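Please find below my notes on the model under review. They are set out as numbered points.

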Amino acid sequence: TSGSHQIVATYSGDTNYAASTSLAATITINKNPPVVVLTSNLTTVPPGQALVLTATVTPVVAPAAAAEQNPTGAVIFYDGTAILGTVNLGPSSSGDSSFATLTTQTVPGGADSIYAFYQGDTVYGSANSNTLAIDVQAITVTPASQNPPTNLNIPQGSQGSVAFNIAALGGFTGAVQIVCSVPSQDDMTC
């Protein structure tokens, strides 16, 4: 396994020679370095669509026939410094690679920088993936500053209005539908 090992040789002796043990030799086994490649089903994510991220972990050096063939462990998906999710690796159907797939609809609207971090296992070291630039199309809705600080009180027979600021994120250029609903017990139109 990877790490530092103290190796000694012991001679059991015979009728002419006494038993003996060698000095320890320190052997350091380095973990096999992997390459992590992150791909996505979309680079521009329309509202309501799921983003599918796939991290493929491949050993730089092909493993020995008797060694662990596919990297194991988990991949953490990041949007900047925020964790999107953690997924365990599964072996690919061919070759020495393993992969982890995360499907999410929680990536914030706007421009996002997403990468994957493979934590490593006892044989393979940890590694970061490439970074993907993803635009998530969305809108933000915030109350306008001219609105009353609390509830809007409308005297009977008069009218009132409130305003909202709507901003597009991630290149969103679609239509925004404004819907107003009135409780059934109120004699109001909206």
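1. The largest nonpolar core has 23 residues, of which L38, L53, V75, F77 and I114 touch the most other members. Such a core is a set of buried Ala, Val, Leu, Ile, Met, Phe, Trp, Tyr and Cys residues joined through side-chain atoms within 4.5 Å; buried means under 20% relative accessible area, exposed over 50%, and partly exposed in between (1.4 Å probe, protein chains only). Strands supplying at least two residues each include strand 5 (34-40), strand 8 (74-79) and strand 12 (110-118). Strand 7 gives the most, with four residues. Strands (E, at least two residues) are DSSP runs, numbered from the N terminus.

2. This is a predicted model: local features need pLDDT of at least 70 and side-chain atom pairs count only at pLDDT 80 or more, whereas totals for chains, interfaces and linings use all residues. Residues are numbered from 1 along each chain as its sequence is written, and side-chain values use heavy atoms, with hydrogens and water left out.

3. Not counting residues up to four places away in sequence, F77 touches, among others, L38, L53, V87, L102 and Y115. Contact here means heavy atoms within 4.5 Å.

4. Q137 is found in the loop between strand 14 and strand 15 (138-143), and is buried, with a relative accessible area of 19%. Its side chain reaches the backbone oxygen of G171 at 3.4 Å. Residues touched by Q137 include T44, P46, L169 and F172.

5. E68, in the loop between strand 7 and strand 8, is partly exposed at 24% relative accessibility. The C-alpha atoms of E68 and V123 are separated by 7.1 Å, although the two are 55 residues apart along the chain.

Notes. A polar contact is a pair of N or O atoms within 3.5 Å; within protein, one must be able to donate a hydrogen and the other to accept it, and residues adjacent in sequence count only if both atoms are side-chain atoms.
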